[in-house]
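User: Could you walk me through this model, please? I would like to go through the fold of one chain and then how the chains pack.

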Amino acid sequence: MANHSTTSSHSRFQQHHFVDAEQQFDAAKMGMWVFLVTEILMFGGLFAAYIVYRLWYPELFVLASEELNTLWGGVNTLVLIGSSLTVAMAIKSAQLNQKRNIAINLGITLALAAIFMVIKYFEYTHKFHLGIFPGEFYTFEGIDHPKANVFFSLYYLMTGLHGIHVTIGMGLMIWLLVRSTKGHFGEEYYTPIEMTGLYWHLVDIIWIFLFPLFYLID
Amino acid sequence: MSGHHISTDKTLLGVAGALLILTIATVGVHYLHLPNPWSIIVAMIVAIMKGSLVAVFFMNLYWDTKFNSMLLLAAFLFFGLLVGLTLLDTLFRPEVIPSF
């Protein structure tokens, strides 16, 4: 630790108020985890609403879930798991200083995120076509339950907020791709990839819970 | 601090493989149409297993400082409080308010 700051070898991204790059990295990561806590609690409010309504109207959730396509929900689950793998691979590539592999893995992650959103787009437009809108805009008559719109309000709110997170994640992946082609990342410095990775894994975990809660109800 | 653990391809692919198998398993169990409470219980146990795999290995909590794991557990603790206290109201209403 001693005299570390006198060496000229440290990363150009190290800020002067940190002792060393290690401390800067750990501080950034702890900050990111605190942010993820606030994310969990934001989604937590919606999950709480889901639990309340599912306990009030258990039969509604069984009926309405029939309108969701288990196959596409399952495919999207696998797409997100794959993208979590590639983002972890991008971090490993940075740690091993394999600069080309960082960009390749980030590119695959971005493509998988785009596939997820395209599938979600087709799921949404199919429902809009049937008149399945949230709340008072609901006009579908295929579900014999007076509260059918409540299920889809929850569906659109929860998958919609999740979709916004995926879209933001795609923006972050593009930013990382641009920076990686400029050669910013390597074994010395890869903090932005690590932080975006943590965010991306959390978005994956939330989908891991949304999938059985909406698509897999008997 | 071990904030720079480098995962091997074997670990990463192994975790992804386990997630794939668990996803297929949870869809498979769905088509068995288990009797009422068990369907959701099995689905949630599988989801918790999958989420834990992602958090522990992909998010590196296994090798990370324990403080970050504590933050994650605190989030779920407070989520539990939110749901628990809300249900103390909504489960014990004599009648559901019609406009809800």
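Predicted model: local features only at pLDDT ≥ 70, side-chain atom pairs only at ≥ 80, totals over all residues.

User: Which pattern does chain B follow along the sequence?

Analyst: Chain B has three helices and zero strands. The pattern of chain B is α-α-α.

User: Why is chain B more spread out than a compact globule?

Analyst: Along the principal axes, its C-alpha atoms fill a box of roughly 55 × 35 × 20 Å. For 100 residues the globule rule gives 13 Å, and chain B is well over that, so it is more spread out than a compact globule, with a radius of gyration of 19 Å.

User: Which element gives the most to the side of chain B that touches chain A?

Analyst: The contact takes 38 residues from chain B and 37 residues from chain A. On the chain B side, α1 (9-32), α2 (36-58) and α3 (66-90) each give two or more residues. With twelve residues, the one that gives the most is α3(B).

User: And which element gives the most to the largest nonpolar core?

Analyst: That core has 74 residues, and A90(A), F151(A), I206(A) and L210(A) touch the most other members. Both chains take part: α1 and α2 of chain B each supply at least two residues, as do helices of chain A, including α3 (70-95) and α5 (148-181). The element that gives the most, with 16 residues, is α6(A).

Definitions and conventions. Residues numbered from 1 in each chain as written. Chains lettered and ligands numbered in written order. Contact = placed C-beta atoms within 7 Å. Helix = DSSP H or I, 4+ residues; strand = E, 2+ residues; numbered from the N terminus. Rg over C-alpha atoms; globule rule 2.2 N^0.38 Å. Core = buried A, V, L, I, M, F, W, Y, C linked by C-beta atoms within 7 Å. Buried ≥ 20, exposed ≤ 12 C-beta atoms within 10 Å, placed from the backbone.
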